[in-house]
Amino acid sequence: MRAQSSATASASIAVAAPERERPGVGTLQAALGVVAFSLTFPATAWGLEGFGPWSLVAVRSVLAALIAGGALLALRVPLPARRHWPGLMVVAGGVVLGFPLLTTLALQTSTTAHAAVVVGLLPLTTALCSALRVGTRPSRTFWVAALAGAVAVAAFTVQQSGGALSTADLYLFGALLVCAAGYTEGGRLARVMPGWQVIGWALVLCLPLTVPVAALALTQEPWRLTAHSVTGLLWVAAGSQFLGLVVWYRGMAAIGIPKASQLQLAQPLLTLVWSVLLLGERLTVAAPLTAAAVLVCIAVTQRARG
């Protein structure tokens, strides 16, 4: 009987144990997350061709929650400890609800190039949140490189959008704050539970809200199924909302929140590339120069001592 209890306890610990990855593997996983996130804005623009903003956000969250909930049930993952639920609520409010909704509302009137300002400033904001919440203390070299990268990306993306400010900027800056909080809390939780369970439970936690909102929104907003709208919806649900966050949180747990966040300096530039290929937007000759500057900043932040 004692042996059976010990085996059961060991199995529970194995299920709840966080991933222990080598730094190189963690960097690769975080980079894959950045690639997945870079497609979010173009995919959202596609989704808005057939869905209203509330419908798109609610349905993507429900679909992602069904994927995550199915995995949690199939693997018989136990409920997180009570002390982890407040953190999961922050993740849910930041990356499951807040960021998708605010950026989707912004993209109704803003181009993807302009919206990329949010992503350009997100790495620095996430590093600041990590310092305040988790107590990380990156070196001065890290902060200088992070600030330089943020300035380069912000200047480039603002120039791409013509430097014009609109009401969409309020949504974008709000999205910046809630997403940084969600990333920081998710990265902290990924140290004590597998990263996929962090986003999985956050998605499931939102189901009592997202299901009725999705049902109501689909009856109030016009919608039509097209190749673009369905593809965009499926990507933001499965790619951005679940799979991307799975590898992202694993990467943050392996290499630390500040270093992982700085990989996102490349995200606006990748988004602009996708915007050209998928949406037909045009880039200026400043793109390769900014890309080179960002790559230098990323290299410095990854080598800086923390």
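How are α5 and α10 oriented to each other, roughly parallel or oblique? In this predicted model, local features rest on residues with pLDDT of at least 70 and side-chain atom pairs count only at pLDDT 80 or more, whereas totals for chains, interfaces and linings use all residues. Residues are numbered from 1 along each chain as its sequence is written, and side-chain values use heavy atoms, with hydrogens and water left out.

Helix α5 (residues 85–106) packs against helix α10 (residues 227–255) at an angle of about 135 degrees, and their axes are 13 Å apart. The two helices are therefore oblique to each other, given that angles under 35 degrees count as roughly parallel, over 145 as roughly antiparallel, 65 to 115 as roughly perpendicular and the rest as oblique. Axes here are lines fitted to C-alpha atoms, for helices over the stretch in contact, and angles run from 0 to 180 degrees between N-to-C directions. On the side of α5 the contact is made by Val-91, Val-95, Val-96 and Pro-100, and on the side of α10 by Gln-241, Leu-245 and Tyr-249, where contact means heavy atoms within 4.5 Å. By class, this contact of α5 with α10 holds 6 nonpolar residues, 1 polar residue and no charged residues; Ala, Val, Leu, Ile, Met, Phe, Trp, Tyr, Cys and Pro count as nonpolar, Asp, Glu, Lys and Arg as charged, and the others, Gly among them, as polar.

The fold as a whole has 13 helices and 0 strands, these being DSSP runs (helices H or I, at least four residues; strands E, at least two) numbered from the N terminus. Of the 306 residues in the protein, 51% are buried, a term that means under 20% relative accessible area, with exposed set at over 50% and partly exposed in between (1.4 Å probe, protein chains only). Among the contacts with a separation of 6 or more, 92% are accounted for by residues 24 or more positions apart.

Residues up to four places away in sequence aside, Val-95 touches several residues, including Cys-179, Tyr-183, Ile-199, Leu-245 and Tyr-249.

A second pair of helices, α3 (residues 40–47) and α12 (residues 267–279), has axes that come within 8 Å and cross at roughly 35 degrees. Phe-41, Pro-42, Ala-45 and Trp-46 of α3 meet Thr-271, Trp-274, Ser-275, Leu-278 and Leu-279 of α12, and the contact comprises 7 nonpolar, 2 polar and no charged residues.

The loops on either side of α5 were also examined. His-84 is placed in the loop between α4 (53–74) and α5, where His-84 is buried, with a relative accessible area of 10%. Ser-110, in the loop between α5 and α6 (112–133), is likewise buried, with a relative accessible area of 11%. Although Ser-110 and Thr-167 are 57 residues apart in sequence, they are 9.1 Å apart in space, C-alpha to C-alpha. Gly-70, by contrast, lies in helix α4 and is partly exposed, with a relative accessible area of 36%.
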